[in-house]
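Good morning, and thank you for coming.

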Amino acid sequence: MAQVEATTERIIAAQPDDVFDALADYNGTREKILSEHFSEYEVREGGDGEGTLVHWKLQATSKRIRDCLLEVTEPTDGELVEKDRNSSMVTTWTVTPAGEGRSRVVVTSVWNGAGGIGGFFEKTFAPKGLGRIYDAVLGNLATELEK
């Protein structure tokens, strides 16, 4: 099994603290900014950053639906980590300053991919697909914060 990684980033015209707070707001903002690839969204514990347990289904392709149950931690300032209890997937959101009144948001997902030819195709195509999904989420986040 090879590790698969998908990374997407965007500059958002908002203060880093405001961007981070919006991402960590699982009871409000987070659900609003998800793309059509997400369904069955439900906060099961917490709802504001560290200690949150959130569920959703992620439909990466017409045939690939991932049932996610994510534990949220904040290991360092500006970093939000979502570990999926149902798989090896870990998604890290990092928010850093990017000039006056601007923030850089980087989202990286890593997971253990399949072996063999299936693993080759997963490693080749899954990062691009997941990148497009998270690019849409970041676009929605920018729209929400740049009002």
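How do the residues of the lining of the second largest cavity divide into nonpolar, polar and charged? They divide into four nonpolar, five polar and no charged. Here Ala, Val, Leu, Ile, Met, Phe, Trp, Tyr, Cys and Pro count as nonpolar, Asp, Glu, Lys and Arg as charged, and the others, Gly among them, as polar.

This is a predicted model, in which local features need pLDDT of at least 70 and side-chain atom pairs count only at pLDDT 80 or more, while totals for chains, interfaces and linings use all residues. Residues are numbered from 1 along each chain as its sequence is written, and side-chain values use heavy atoms, without hydrogens and water.

A cavity is a set of points on a 1 Å grid over the protein atoms alone where a 1.4 Å probe fits but cannot get out; lining residues have an atom within 4 Å of a point. Grid points are joined across faces, edges and corners, and a volume is the space filled by probe spheres set on the points. The second largest cavity holds about 30 Å³ of space. Its lining includes Ala 6, Val 107 and Tyr 134. The elements giving two or more residues to this lining are β1, β7 and α3 (116–145). Such helices (H or I, at least four residues) and strands (E, at least two) are DSSP runs, numbered from the N terminus.

The largest cavity has a volume of about 40 Å³. Among the residues that line the largest cavity are Trp 56, Glu 82 and, again, Tyr 134.

Technical notes:
On a 1 Å grid over the protein atoms alone, a cavity is a set of points where a 1.4 Å probe fits but cannot get out, and a pocket is an open set with protein on both sides within 12 Å along at least five of seven lines; lining residues have an atom within 4 Å of a point.
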